[in-house]
Amino acid sequence: DRPVIEDLLQHHFDLVAKGDLAWLHELKEIGCTCEEIANLLLDEKNDTPWIFPGRPNVLDSHMLPDFHQPACVHEGGYAINTQPRLTAPEHGTDIDSSNYSQPFKGNDFKQNIAEYCGLAGVYPVSRATEDWNGAVTFAGTNHAQAFVTYKLGVDGEDSPDDILFRCLEALKSFCRVASHLQKQGQCCNSFTLLQDVESEVVVELCRIDFRLAWQLLNLMVEFGLKTRQFRKLDQCMSISAAVISIICGPQELGFIHTHDLAPENVLHACALACQCLSVSLYLYTSAHTGYIYPSFLRYPLKELTLFGSRDVDGLEAAIRISLRQLTCMGEMTGDSVMVFHQSPTQDLALASKARFDLLASPEDIVDTWGNSRFIANPNVPYGKSLYGIEIRGGLILPTRNSNELHPETATSLLDKYPQAPVPRTFHWSCITEIPGAMTQTFRTDAKIIVGATTINNSCPIDNIQNRLLACSDRLTNQLGPRKSHWEKRERQYGAQGGQYLVIQFNSTSIKQPGVTLKDYRLNQMSRESEIYLSFLEEAWGLQVSFCTGIARRVSLRKLLSDVMPAFVEAKVPVNLDWEALKKDHAIIEAFSKGNLRSWFNGLQRELQAAVVDIVCQTLEALRDTGIDPTGEKFVIALASRDKPLSCFTIPCKNENLWAKILKDSEHCATFAYVTGTCLETEEVKCRGLRQPPWLNSSTLLDTTVCQHLSESEVSVSMTTSWNLQNGVAYLIGKPALKARVRRGGALQHPRLVVSKSTIPTSFL
């Protein structure tokens with residue numbers, strides 16, 4: 001009983017919060033009320049998969065069916081200026097570079113998308129499920145499977161008006177999300193999804209125009225206004241079938257009975273279309289990778305099944321979404337992808353272990369995974385003659401025998417597209433250099449197969465004997481390590497600008513989760529031969545004093561002034577451009593004092609290129625500093641001329657536990673190095689030694705902190721100030737660290753004492 005538990009917590013909290021529930025004290029310390037704690041405990045006890053964040057904020061709904069972002073892949077992009085440059089938001093390129101200062105919109109942006117898309121249009125607005133827009137049931141370990149229907153009543157209690165209302169609510173939310181994405185520069189007039197081609201070797205990336213959703217919404221509104229006349233039934237069925245055919249294939253529409261125009265069947269088709277649109281748009285914002293894991297679910301979903309407005313039974317009337325692994329493109333995405341299919345007999349366990357090639361157009365590949373460039377023939381109109389696609393640190397190129405397909409692939413595609421030309425085969429790889437002359441060309445709008453599974457029956461190799469030989473042969477290498485190849489490849493394209501036209505697109509963000517701010521910026525700077533002033537002025541540098549071990553945040557510009565000499569002068573011979581920059585143009589002083597724009601513009605073109613290379617190489621050398629991938633070690637570059645690539649590693653435990661807050665994320669970047677500057681505080685002073693031993697400990701960080709605010713809280717914060725309150729605890733990150741404030745007394749500034757939070761992760 002919720003009131004009883006709340007009353008116990010209210011009057012006997014210390015008796016309840018002990019033993020296995022001692023962590024409840026932390027919830028109270030961070031400001032949770034007894035009512036909120038009671039809800040958390042009951043939800044966990046009932047093993048509910050839901051988190052109840054309340055009703056989402058209102059988003060504007062002005063979706064534009066014919067909208068395109070400036071210089072998008074559909075409109076031709078823009079030719080790259082290979083001249084190295086310094087850019088800043090106020091003096092950038094013709095493209096609106098203000099977006100570059102915030103490539104990630106943060107958790108609130110993703111949360112808004114999840115809340116409005118819901119789970120196929122169903123969102124837990126409250127604990128009263130009868131108020132929801134549909135019903136969701138779960139199955140499997142940790143609720144890893146979900147089943148969605150817009151039918152809430154039993155024994156036919158749902159009227160056509162009820163189903164229509166739920167479809168309209170889902171579709172209106174879809175349009176709000178689409179409008180939001182357009183305003184944030186995330187999409188144009190369409191989006192993509194992945195669907196099964198009913199093949200054991202291929203999945204297809206398909207495009208859906210927003211106009212279909214816009215037309216369906218208008219038709220259903222008219223249908224609702226004229227319910228008794230049912231005058232729009234055939235058109236509603238036609239548009240719904242068009243959506244579902246993109247998702248399942250035109251040959252798989254029998255299960256929705258398109259010729260049956262009874263209101264119940266038409267609304268079922270509309271419900272399926274609305275559910276598919278909601279799920280696919282949500283997946284599009286995550287580049288279709290990884291589990292379905294919206295902010296209102298406690299556990300990630302591995303599989304989702306859509307039932308329209310029918311009962312949750314009989315898979316023959318359902319559409320499923322589940323994980324698939326891609327072949328070479330899987331290395332590019334770094335994760336499995338979510339794929340739609342309408343196959344009641346397919347073995348999902350086997351399908352999840354298989355690897356699939358990707359059938360897609362170059363335009364849709366760029367739109368979905370972004371950060372791409374076309375290598376094109378400069379003498380041919382846009383879209384007619386491409387040589388390759390540069391994407392995610394690799395190249396998509398035609399295979400040597402690009403017209404040969406795996407027999408089963410050819411059969412599947414012929415069945416689905418009997419009138420279409422057979423797609424050519426391509427391969428994505430992390431190549432270390434551009435292949436010789438690229439002669440095979442292709443179009444931006446023609447489907448290609450990336451993965452290119454072929455069989456060479458004439459190969460003489462003995463597979464078994466070859467594997468045995470490889471196991472013992474001293475010529476084999478360990479798997480895992482590989483050279484960095486990004487910079488060499490990027491520079492060569494610029495050098496070949498006369499032979500190849502390099503076309504870039506105004507895509508300023510990455511949909512796929514898991515890409516850190518550090519990786520995004522370093523790759524962007526290397527790819528575009530540009531130094532972004534706003535990034536260099538941000539305090540992502542971290543000095544650690546060799547003498548005291550105290551750490552402090554500094555700008556990347558300051559970091560570069562300290563470490564550039566060590567990295568550049570450690571090479572033999574020393575770059576002549578560096579000598580000129582140091583002696584004649586005072587590069588170290590320029591980076592130390594600022595005003596880089598006027599200094600950079602005063603350099604000759606060759607020296608400007610040298611500055612860009614030096615900055616990119618230096619920051620690239622520091623990429624792996626900060627918190628290592630395990631989250632257990634704090635890596636600090638020594639950055640000396642004698643050992644420029646050496647580092648110290650400090651375990652993130654005990655007094656060094658605080659360092660975990662430096663972990664790279666989409667909001668935080670850390671480039672850490674040792675400094676000879678003696679940093680002191682009121683409590684930690686210089687050791688007074690000419691050659692002090694390395695402490696291998698850093699117990700204090702001098703930095704600033706800000707309060708995390710949701711979008712709904714931002715407007716309130718504009719009129720109120722926020723200060724760290726003495727004795728109050730705050731949570732940082734997830735899994736959480738607890739930071740308790742100490743201030744007053746001899747402390748000039750507030751101190752955050754960091755410790756591990758004992759709150760179970762499922763409650764965060």
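Biologist: Which residues of helix 8 meet which residues of helix 9?
Modeller: From helix 8, Leu233, Cys236, Met237, Ser240, Val243, Ile244 and Ile247 meet Pro263, Asn265, Val266, Ala269, Cys270, Leu272, Ala273, Cys276 and Leu277 of helix 9. Contact means heavy atoms within 4.5 Å. The residues of this contact divide into 14 nonpolar, two polar and no charged. Ala, Val, Leu, Ile, Met, Phe, Trp, Tyr, Cys and Pro count as nonpolar, Asp, Glu, Lys and Arg as charged, and the others, Gly among them, as polar.

Biologist: What kind of model is this?
Modeller: It is a predicted model, where local features need pLDDT of at least 70 and side-chain atom pairs count only at pLDDT 80 or more, while totals for chains, interfaces and linings use all residues. Residues are numbered from 1 along each chain as its sequence is written, and side-chain values use heavy atoms, with hydrogens and water left out.

Biologist: Why is helix 8 called oblique to helix 9?
Modeller: Helix 8 (residues 233–248) and helix 9 (residues 263–284) pack at about 40°, with axes 9 Å apart. That angle makes helix 8 oblique to helix 9, because under 35 degrees counts as roughly parallel, over 145 as roughly antiparallel, 65 to 115 as roughly perpendicular and the rest as oblique.

Biologist: Is Ser280 buried or exposed?
Modeller: Buried means under 20% relative accessible area, exposed over 50%, and partly exposed in between (1.4 Å probe, protein chains only). Ser280 has 0% relative accessibility, so it counts as buried. Ser280 is in helix 9, and its side chain reaches the backbone oxygen of Cys276 at 2.7 Å. Leaving aside neighbours within four places in sequence, Ser280 is in contact with Phe191, Thr192, Leu193, His288 and Phe340.

Biologist: How many of the 764 residues of the chain count as buried?
Modeller: The share is 51%.

Biologist: Why is Asn654 called exposed?
Modeller: Its relative accessible area is 64%, so Asn654 is exposed. Asn654 is in the loop between strand 22 (647–651) and strand 23 (671–675). Its phi is near 55°, a positive value in a residue other than glycine.

Biologist: What makes Asn696 partly exposed?
Modeller: Asn696 has 32% relative accessibility and therefore counts as partly exposed. Asn696 lies in the loop between strand 23 and strand 24 (701–702). Its phi is also positive, about 50°, although Asn696 is not a glycine.

How values were computed. Axes fitted to C-alpha atoms, helices over the stretch in contact; angles between N-to-C directions. Helix = DSSP H or I, 4+ residues; strand = E, 2+ residues; numbered from the N terminus. Polar contact = N/O pair within 3.5 Å; in protein donor to acceptor, adjacent residues only side chain to side chain.
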